[in-house]
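Open the model in your viewer and get ready to select residues. Here is a short tour, stop by stop.

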Amino acid sequence: MLDYGSQKQGGRDMKTLLHKKQETIPDILSIIPTMDVVVFPLMIVPLLVLDEKIINGINESLETSKKVLLLAARNQVDHQGAIGTNDLYEVGTIATIMRLIKIPEGGVKILVQGLCRARVSNISTEGSGLHATIEPIALTDDNEIEVLAQIKNIKAIAEKMAIASNRFSPDFHIILSKIQDADKIADFILSHLNLTVEQAQSMLELTEKKDFLQMIYSHLNREIEVAEVQEKIRNNARESMNKSQKEFYLREQLKAIKQELGEDDVEDIEEMRKKLTTLAVAESVKQEIARQIDRLERTAPDSLEATVTRNYLEWVFALPWGQMTDENLDIKHAQQVLDEDHFGLKDIKDRILDFISIRNLKKGGYAPILCLVGPPGTGKTSLGKSIAKSLNRKYARISLGGVKDESEIRGHRRTYVGSMPGRFIQAMRKAGSCNPIIVIDELDKIGSDFRGDPSAAMLEVLDPQQNKTFYDNYLGIPFDLSQVMFIATANTLNTISDPLRDRMEIIELSGYMLEEKVSIAKKHLVNKAITNAGLDGHNFSISDEVIKDIISQYTRESGVRQLERFIGKLCSKAARMLVEKNTLIAVTNKNIDTYLGPRKFLEDETDHKNQIGISNGLAWTSYGGEMIKIEAALMPGKGKLMLTGQLGDVMKESAQAAVSYARMHAKTFGISNSAFTTHDLHIHIPAGATPKDGPSAGITMLTAILSAFTKRPINAQYAMTGELNLRGEVMPIGGVKEKILAAKRNNMQHVILPHKNRNDLIGIEDVTKDINIVWVDHADQVLEQVLLAQSNKVIKQK
């Protein structure tokens with residue numbers, strides 16, 4: 001390991017030195033690696049040598065020529081690490097050893113003087129020392145006039161620098177003015193420049209004197225620019241200090257005047273300090289808040305900065321640091337509250353009761369993070385308030401529908417005018433507790449734009465390992481969200497990113513059956529509508545038959561939101577009649593259209609009549625299940641397949657797969673092969689303005705296609721869903737419950753489902769009441785059920 005001293009001195013003339021000494025320089029010299037220093041010719045430098053192998057090489061040199069080769073190391077970072085031969089530059093300086101002193105602790109100190117440059121052609125590590133085969137290098141001096149001009153420029157800028165800054169000694173320009181030799185001037189200035197190893201090495205490797213002097217001139221230019229900037233900074237700082245002292249003096253006077261007038265804000269600051277001692281926060285947080293209080297105290301009260309700091313401190317002290325509400329862990333009470341407020345929803349109720357049971361056995365721990373997914377109107381949002389009521393927790397709701405700015409989640413930085421914390425910190429302040437129920441509504445409708453991706457910011461909020469130290473940009477200090485029970489709601493999971501979905505426990509809420517809707521209306525909706533209409537005590541009621549009529553012929557939805565509106569409309573009509581004519585209306589199935597208008601969903605007679613080329617399919621949407629008609633028609637042509645109804649790519653591929661299966665099994669169904677080449681096939685799915693996609697219509701399309709080719713009608717009492725592959729196997733699909741409910745809403749008697757979906761009905765067997773489920777594994781089983789003989793009564797396509 002090597003070190004060097006700061007002493008650098010000028011030496012003898014390079015030309016004379018080379019002329020006298022070059023013949024005595026051996027071809028092989030011992031190497032001394034140097035750290036943090038590049039030695040130039042004529043430069044005198046002290047070195048500390050501790051490595052035994054290098055010391056052996058020095059001793060060999062002292063016994064012979066007293067010359068060594070100084071090579072700088074490339075790696076200048078780790079001074080304690082070993083230096084390899086690959087770490088040394090190829091160009092170094094031949095130096096003579098002027099003095100050697102042994103150190104009692106081990107190692108030697110040597111004083112060396114550079115003689116000339118040399119290039120290394122080979123390095124040998126054999127033997128007791130480190131040796132190199134060298135070739136001396138001399139600077140060429142072709143243009144003496146250019147060199148003289150550069151010397152004058154260097155002397156001029158060096159003298160200017162000596163006068164403008166304190167970087168050089170007072171007698172620097174005096175000594176420089178007396179030196180005339182170019183090499184000595186370069187050596188003298190180099191000894192005063194602060195160069196990095198890379199900069200110095202690049203200068204050492206130059207071969208032309210004019211380039212060498214030009215490099216010195218460039219470094220001097222840079223040094224004088226730095227000196228001028230430093231002087232400017234010092235002057236500005238001096239002026240700023242004078243201004244600050246003046247402001248401090250005036251502020252103290254203003255403070256004394258305010259005290260006399262009774263307008264001093266010292267009491268507010270002292271009150272903040274007292275509140276700080278009572279906050280249940282970490283010591284680092286207390287230090288940051290105390291720093292902001294001190295900053296407010298030093299700032300002029302009427303300045304913008306004081307207003308920003310005061311608002312920040314008000315937010316900090318308004319947050320419920322460490323404040324918890326006592327939970328009601330009575331499981332029977334929770335069951336009663338949940339059942340009173342919501343009908344059904346067994347899965348989510350069971351999950352809440354499980355959580356209460358765990359809290360009874362073990363205090364603390366993380367609260368669950370739930371995501372309720374289902375169609376609109378199924379009670380997802382209102383369920384959060386019921387859960388808060390059952391647990392005796394505070395409640396807050398955050399709607400993220402359409403949010404595109406990441407700052408809505410993490411907060412705005414205080415540098416912005418009118419900056420505010422994010423929505424979650426605002427919700428915590430509103431709730432006034434560290435363990436509230438926070439409902440995150442419409443999580444699937446978060447957007448993103450140039451202001452960031454809010455769904456990515458939600459990853460920290462909904463991660464129990466991270467939200468313990470949630471960082472809001474406005475607060476600038478961590479806040480604990482780990483005790484919050486987050487309940488997110490969404491209509492679909494398709495738009496929620498996989499990492500965000502992974503952080504939540506997904507609970508799917510399906511649509512309600514007819515019986516469930518009737519029960520919800522009788523227990524909740526009717527009473528609520530009567531109260532809102534002011535009909536309490538007027539003996540107004542709505543029968544079950546009227547409710548069923550509204551459900552089947554005015555609303556076809558998975559939830560009960562439209563049902564609630566129509567019941568409310570009936571009550572408003574009753575209230576109007578009571579006010580205008582002082583009579584109470586009696587709503588029946590016969591006069592319901594008088595108050596609600598014509599029925600919207602009349603049952604078409606052809607919907608349940610067997611037709612050729614028309615099959616009943618079942619689809620899933622984010623609003624629940626729907627029944628769709630798939631129509632297939634043949635016409636003379638050249639075997640062209642036409643698909644209409646705004647179908648997606650997956651659905652188009654399902655149609656092509658169904659056509660391929662039909663062609664492969666044409667003989668089985670008595671279809672000639674020429675029928676596929678002499679006729680065009682048109683498949684259409686009505687409601688053409690509505691985009692449709694997905695693979696689950698495979699068997700439905702196949703049924704319609706074969707019906708069109710064989711002229712056999714399709715049993716209209718069947719609705720079906722299932723993906724079809726080329727081997728005719730019926731593959732599993734999603735949304736089984738929603739599709740069965742859609743079939744029941746359309747008065748279907750049978751539903752054909754893939755056998756692989758059989759387990760999806762475990763726990764929801766009530767859905768299959770009053771409808772027959774047909775499980776199938778192969779397309780032949782489907783066709784056997786739904787394709788009728790040609791003799792059956794048929795409504796032909798026109």
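**Stop 1: the core**

Select Leu69, Ile189 and Ile216: they have the most contacts inside the largest nonpolar core, which has 64 residues. A nonpolar core is a set of buried Ala, Val, Leu, Ile, Met, Phe, Trp, Tyr and Cys residues joined through side-chain atoms within 4.5 Å. Buried means under 20% relative accessible area, with a 1.4 Å probe and protein chains only. Now colour strand 6, residues 108-124. Strand 6 gives the most to this core, seven residues. Strands are DSSP runs of E, at least two residues, numbered from the N terminus.

This is a predicted model: local features need pLDDT of at least 70, side-chain atom pairs count only at pLDDT 80 or more, and totals for chains, interfaces and linings use all residues. Residues are numbered from 1 along each chain as its sequence is written, and side-chain values use heavy atoms, leaving out hydrogens and water.

**Stop 2: Leu69 to Ser30**

Zoom in on Leu69. Among the residues that Leu69 touches are Leu29, Ser30, Ile94 and Val120; contact means heavy atoms within 4.5 Å.

Next, select Ser30, in strand 2 (residues 28-34). Is Ser30 buried or exposed? Ser30 has 5% relative accessibility, so it counts as buried. Show its side chain, which reaches the backbone oxygen of Gly57 at 3.0 Å.

Methods. Buried means under 20% relative accessible area, exposed over 50%, partly exposed in between (1.4 Å probe, protein chains only). Helices (H or I, at least four residues) and strands (E, at least two) are DSSP runs, numbered from the N terminus. A polar contact is a pair of N or O atoms within 3.5 Å; within protein, one must be able to donate a hydrogen and the other to accept it, and residues adjacent in sequence count only if both atoms are side-chain atoms. Lists of a residue's contacts leave out its neighbours within four places in sequence.
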